[in-house]
Amino acid sequence: MAGRSILSQPACRPELQAARAMVEEAMERDGVVVLSPLEASRTLGLVAELGLAPTCAMLDPWYNKGAGGVRPDYREFLDGLLAGAGAVADHVYLWGFPEIVAGQLERLPAPLQLVSWLTWYYKNNPSVIRGWRSAQMTCLHLSRPGARLYPEHFLTPAQLEKKRAGKLRYLPGPPSVLEAPLLVGFVGRAERTGHPSQKPCQVFSTLLRMVLGEGDIVVDPMCGSGTTGQAAREVGGKAILSDHDPRWVEVAARRLGVRPVALPGVPGFRGRPAG
Ligand SMILES: C[S@@+](CC[C@H](N)C(=O)[O-])C[C@H]1O[C@@H](n2cnc3c(N)ncnc32)[C@H](O)[C@@H]1O
């Protein structure tokens with residue numbers, strides 16, 4: 001089982017076949033695989049080398065402001081990530097604050113194109129800033145030409161019935177503004193993991209429902225607390241996750257009820273996380 005990407009699958013070198021089998025078995029058994037800590041670019045490269053052909057890449061990096069720190073080469077970092085993700089996946093979601101990701105539209109790597117500018121809107125940001133209170137994050141939906149979308153996944157049973165009967169005159173999709181509260185204060189206590197930038201699962205599952213068919217794979221190389229894995233399970237997909245920080249690899253694995261795996265014959269792992 002290796003996903004149903006529109007990209008033809010590259011062959012996997014013989015010395016990597018054991019690693020590929022391990023990833024496939026874990027996904028078959030658990031729906032997700034959490035790789036031991038890796039740099040994001042290495043995770044994307046590894047997915048390509050293993051010939052795993054994910055349908056989607058979820059890119060939710062630190063935002064180059066606030067607690068995650070500011071790097072002058074952030075644009076170049078995003079350029080590399082987008083090129084790596086576009087090389088392996090049909091669809092790419094890139095998260096960030098609007099003023100930061102907007103600049104990326106001018107420099108999308110071929111063959112990625114903008115499908116939609118999505119906004120996650122939340123009303124409950126407890127900001128102390130004197131001025132406009134931030135109430136949104138942006139997610140760029142990018143894809144290769146011809147990549148499949150599933151607006152039908154959002155139809156009600158009555159609409160599906162009408163569609164089957166050929167009586168649905170237009171196909172409504174979800175709106176490009178997704179409203180869900182920030183996981184903060186009393187909100188979402190049961191879902192919270194302690195990760196400072198954790199996204200609500202409801203937001204990620206909407207994104208994945210639009211692009212994943214049953215059993216399709218999403219890769220998230222900066223998975224934080226593993227929201228992508230949780231959301232993939234909810235929509236019947238599979239997920240390959242990693243993060244460069246051993247703390248979050250451990251948290252994501254615990255949340256999803258699996259153990260992090262370091263793959264045989266693959267260099268670059270930062271060793272097994274403590275735990
Ligand atoms: C915004 S958070 C992701 C939150 C996640 N979507 C969730 O809901 O829990 C960004 C994550 O990227 C990770 N990260 C930052 N730079 C990275 C890099 N170069 N390679 C891999 N992971 C990285 C951080 O450790 C952090 O956990």
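The structure is a predicted model, in which local features need pLDDT of at least 70 and side-chain atom pairs count only at pLDDT 80 or more, while totals for chains, interfaces and linings use all residues. Residues are numbered from 1 along each chain as its sequence is written, and side-chain values use heavy atoms, with hydrogens and water left out.

**Ligand site**

- The ligand sits in the largest pocket, where a pocket is an open set of points on a 1 Å grid over the protein atoms alone, fitting a 1.4 Å probe, with protein on both sides within 12 Å along at least five of seven lines, and sitting there requires more than half of the molecule's atoms to lie within 2 Å of the grid points.
- Around the ligand there are 23 residues, of which Asp60, His195, Ser225, Thr227 and Asp243 come nearest; a residue counts as near if one of its heavy atoms lies within 4 Å.
- By class, this shell holds eleven nonpolar, seven polar and five charged residues, with Asp, Glu, Lys and Arg counted as charged and Gly among the polar ones.

- Oxygen atoms of the ligand lie 2.6 Å from a polar side-chain atom of Thr227, 2.8 Å from a polar side-chain atom of His195 and 2.9 Å from a polar backbone atom of Lys199.
- The protein covers 94% of the 610 Å² of accessible area that the ligand has on its own, as given by the Shrake-Rupley method with a 1.4 Å probe.

**Salt bridges**

- The count comes to 14 salt bridges, each a side-chain nitrogen of Lys or Arg within 4 Å of a carboxyl oxygen of Asp or Glu.
- One of them joins Arg20 to Glu24, with the closest N and O atoms 3.3 Å apart; both residues lie in helix H1 (residues 17-30), four residues apart, about one turn of the helix.

**Backbone**

- The peptide bond from Ala110 to Pro111 is cis, with omega near 5°.
- Ala53 has a positive phi, near 45°.
- Most residues other than glycine have a negative phi, and most peptide bonds are trans.

Conventions
Polar contact = N/O pair within 3.5 Å; in protein donor to acceptor, adjacent residues only side chain to side chain. 1 Å grid on protein atoms, 1.4 Å probe; cavity = no way out; pocket = protein on both sides within 12 Å on 5 of 7 lines; lining within 4 Å. Helix = DSSP H or I, 4+ residues; strand = E, 2+ residues; numbered from the N terminus.
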